[in-house]
Structure formats: structure tokens, C-alpha cells
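Work through the exercises below with the sequence and the model open. Try each task before reading its solution.

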Amino acid sequence: MNRRFRYCPYCAGAIAEESRFNAVRPVCKSCGFVQFHDPKVAVIALILHEGRVLLVQRAVDPAQGKWSLPGGYMDAGEMPLEALQRELNEEVGLTVEIGRLLDIFPMVSDRGERIGIVLAFEAGPAGSAAIPYVADDVQAAGWYRPEEIPSEIAFDSTRSLLQRWIELESGS
Ligand SMILES: [Zn+2]
């Protein structure tokens, strides 16, 4: 369950659960504000270079210390490719050429609830593949061949995309 407001963020009035727009939603009794639980949207990239995939080690929860494909949440007003390039700049300082949309995954909370979607794109380095820094919510990053991939992988989306890539690489 998403977190619900207890008081109206606009007028501090009391919030009650009421039927609005075909669902029971938090509604302000004073000003009529309705809290919609909008889906979160994240973008991630399977970035490939010379038979290796770029993985980042997460510095924060969820899944601190585990490895995943780079990416992150979209901000309001961004388009997916802008968000992806921004995240890559923030995390590893890499400029990429973004290719096709590989898949759309459900974003699942620690408690197993669907809270949004993850858009996964194919990408490659636009110039140098050297990783100039790691920052933001990443503590390490590197290029990995299929047989070198760390065992501690975060997120079903990363696991699924890596598995498909490995199967393609091995020709099975
Ligand atoms: Zn209100």
C-alpha cells in the first residue's frame, strides 16, 4: 500500500477515505483535494560494450551493496531518454547512445506491491567507455563479461535482462 496523507497538504484539513473516480481514495473533507497514487516511473539501461555489460553497485537502499543496471527515477517534466542520460551522468559520468526499448517491468515494493513501472533501454557508450567517477547512489561500477557478473544482483528487472543477454551471448 502506498503511504497516505493523514492531513490535507493544501489546507491541513482532515482526510477521509471516500469513493472518487471509481476507487476509494483519500479525500480532504474541507477543500475536496483527492490524493491519487500515481505510478512511479524508473528508467534503466542495458549498456553493452565489447562483450561486457555495465553494472553499478548500489550505495543506498533498496538493495544497498547489490549490483544492478544503472538508472533511476524519472523527474516530472522529463522524457525517458533525458532521465536515463541524466541518471548516467549522475552515477558514472558516462555519455551514452540510447537504442531501443527492451522491455517494461513492474516496479515492486519490498512488500511485493506494484508501485510503478521500469522502462528498460538498450544503450552503448557514445564515446569513451571509461568510467570517470562513481557518485550519487552508486559506490562502484564496472564492465562485466557474462561469466564475471557479481552474484549479488538487485531487482528482477536487472536479473531478467542479464539472463536474456547471457543467453544471446552464449548463442543458446
Ligand atoms: Zn484540503
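**Exercise 1. Domains**

Task: Into which domains is the protein chain divided, and how many Å separate their centres?

Solution. This is a predicted model. Start with the bounds. Domain 1 covers 1-37. Domain 2 covers 40-170. Then take the centres over C-alpha atoms: domain 1 and domain 2 are 35 Å apart.

**Exercise 2. The zinc site**

Task: Find the protein donors of the zinc ion and assign the geometry of the site.

Solution. 
- Step 1, donors. The SG atoms of Cys-8, Cys-11, Cys-28 and Cys-31 lie 2.3 to 2.4 Å from the zinc ion.
- Step 2, geometry. The angles among the four donor atoms run from 96 to 119°. Four donors count as tetrahedral if all angles lie between 85 and 135 degrees, so the site of the zinc ion is tetrahedral.
- Step 3, spacing. Read along the sequence, the donor residues follow C-x2-C-x16-C-x2-C.
- Step 4, what is tied together. Cys-11 sits in the segment before strand E1 (15-20). Cys-31 sits in the loop between strand E2 (23-28) and strand E3 (40-49). The pair therefore ties together parts 20 residues apart in sequence.
- Cys-11 has a relative accessible area of 35% and is partly exposed. Cys-31, at 46%, also counts as partly exposed.

**Exercise 3. Aromatic pairs**

Task: How many aromatic pairs does the structure hold? Classify the pair of Phe-21 and Phe-36, then that of Trp-67 and Tyr-144.

Solution. 
- Step 1, count. There are four aromatic pairs.
- Step 2, Phe-21 and Phe-36. Their ring centres are 5.6 Å apart and the planes meet at 45°, so this pair is tilted. Phe-21 is in the loop between E1 and E2, and Phe-36 in the loop between E2 and E3.
- Phe-21 is exposed, at 55% relative accessible area. Phe-36 is partly exposed, at 39%.
- Step 4, Trp-67 and Tyr-144. Here the centres are 5.5 Å apart and the planes stand at 75°, so the pair is edge-to-face. Trp-67 belongs to strand E5 (residues 67-68) and Tyr-144 to strand E9 (residues 138-144), so parts 77 residues apart in sequence are tied together. Both Trp-67 and Tyr-144 are buried.
- Step 5, cluster. Ring pairs also join Phe-5, Tyr-10 and Phe-33 into a cluster.

**Exercise 4. The partners of E3**

Task: Which strands does E3 pair with, and in which sense?

Solution. 
- Step 1, strand E8 (residues 114-125). E3 and E8 run parallel, with eight bridges. Ile-47 has Ala-123 in E8 as its bridge partner.
- Step 2, strand E6 (residues 71-73). Three bridges connect E3 and E6, which are antiparallel. Ala-42 is bridged to Tyr-73 of E6. Tyr-73 has another contact: Lys-40 lies over the face of its ring, 4.6 Å from the ring centre.
- Step 3, strand E4 (residues 52-58). E3 and E4 are antiparallel, joined by two bridges. His-49 takes Arg-52 in E4 as its bridge partner.
- Step 4, the turn. The hairpin of E3 and E4 has two residues between the strands. Glu-50 takes a positive phi there, near 50°.

Methods:
Residues numbered from 1 in each chain as written. Predicted model: local features only at pLDDT ≥ 70, side-chain atom pairs only at ≥ 80, totals over all residues. Heavy atoms only, no water. Donors = N, O, S within 2.8 Å, 3.2 Å for Na, K, Ca; no water. Tetrahedral: all angles 85-135°; square planar, octahedral: opposite > 155°, others 65-115°. Helix = DSSP H or I, 4+ residues; strand = E, 2+ residues; numbered from the N terminus. Buried < 20%, exposed > 50% of the residue type's maximum accessible area, 1.4 Å probe, protein only. Domains from an automatic or database assignment. Phe/Tyr/Trp six-rings, centres within 6.5 Å; stacked < 30°, edge-to-face > 60°. Lys NZ or Arg CZ within 6 Å of the ring centre and 35° of its normal. Pairing = 2+ DSSP bridges.
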